[in-house]
Amino acid sequence: MTMNSKKPVAVAIMGPTASGKTAAALAIAQTRPVEIISVDSALVYRGMDIGTAKPSAQELASVPHHLIDIIDPLESYSVMQFREDAIRLVGEIGARGALPLLVGGTMMYFKGLTDSLDDLPTADPAVRAQLDAEAASIGWPGMHARLATFDPVTAERLKPNDAQRINRALEIIALTGKPMSELLGKREKPELPFDLVSFALEPSDRAVLHARIAQRFDVMLGERDDAGLVAEVARLRARGDLSPSLPSIRCVGYRQTWDYLDGKIDRAELRELGIIATRQLAKRQLTWLRAMPERIVVDCLGTDPTGELMNRLGRLEK
């Protein structure tokens, strides 16, 4: 895709965790007027900075950012809310003469933006509560096995302990009588009011990305519990109104740290489990990316991935 369309243009910078998406976006911002739209389901939460690798105050001040720190950890933010906000923001940013950069690794948000999910029913608190009660009895692997009976296609792509997505898939079956995979398969792909040029920062060597992930988690964790991620989660716990059942606390790193503060695991296990969970997240992100054929792949482990991305972006603009 070139960028000579009559439609407004937005650029997506996608990739797994620790692939350098923020650095690439900030580098582009040094060369032209841009505004960054965060595509990250964890960065929406206020007070969750360390474990989400939120851009620093200096980085946030250097270029306009959107959809960061917009809700409390007690609240939820849906894919459709993201889609509506992103489409609105792309239009507003373009009208200001800047290039919208959609930057992040929440692939469901990118999928919702390009494909839409508005044929699916809205959440029903009563149904969700009933499913949570059943899960408390038989466990989420048991609920996953139930989902496999009614919707094997969806169950196959979900982990047995992915409570949030298993709950949603079973909720859709309860509300519509049809599996989510069937409903998604019947949708017509909507046309966006802008062209989206998508870059994907992907690793040529998964082991090197894993080393980056471990190093970054160690930095988040720090050497002492009175600083870093443990201190951040302790502050969240001290509020008294948050729990591991919330999407915010289920974020990678936060749920493991919550278990550590509950005394369920020790610090060595916290580090090990946090790194494992982050690697699993990266694997899921890469699986999503491989299903996006229009993406332009840049090796995030190359000698100058940011430079390559900017060169390819420049060629598209000619």
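1. Let's start with the surroundings of His 66. Apart from neighbours within four places in sequence, His 66 is in contact with Glu 35, Ile 36, Ile 37, Ser 38, Leu 89, Ile 93 and Arg 96 (contact means heavy atoms within 4.5 Å). The side chains of His 66 and Glu 35 are joined by a polar contact of 2.7 Å; such a contact is a pair of N or O atoms within 3.5 Å, where within protein one must be able to donate a hydrogen and the other to accept it, and residues adjacent in sequence count only if both atoms are side-chain atoms.

2. A word on the model: it is predicted, with local features needing pLDDT of at least 70 and side-chain atom pairs pLDDT 80 or more, while totals for chains, interfaces and linings use all residues. Residues are numbered from 1 along each chain as its sequence is written, and side-chain values use heavy atoms, leaving out hydrogens and water.

3. Is His 66 buried or exposed? His 66 has 17% relative accessibility, so it counts as buried (under 20% relative accessible area; exposed is over 50%, partly exposed in between, with a 1.4 Å probe and protein chains only).

4. Now find His 66 in strand S3 (residues 65-66); strands are DSSP runs of E, at least two residues, and helices runs of H or I, at least four, numbered from the N terminus. An open sheet of 6 strands has parallel pairing and the order S3-S2-S4-S1-S5-S6 (strands pair if DSSP finds at least two bridges between them). S3 and strand S6 (296-299) are the edge strands, each pairing on one side only.
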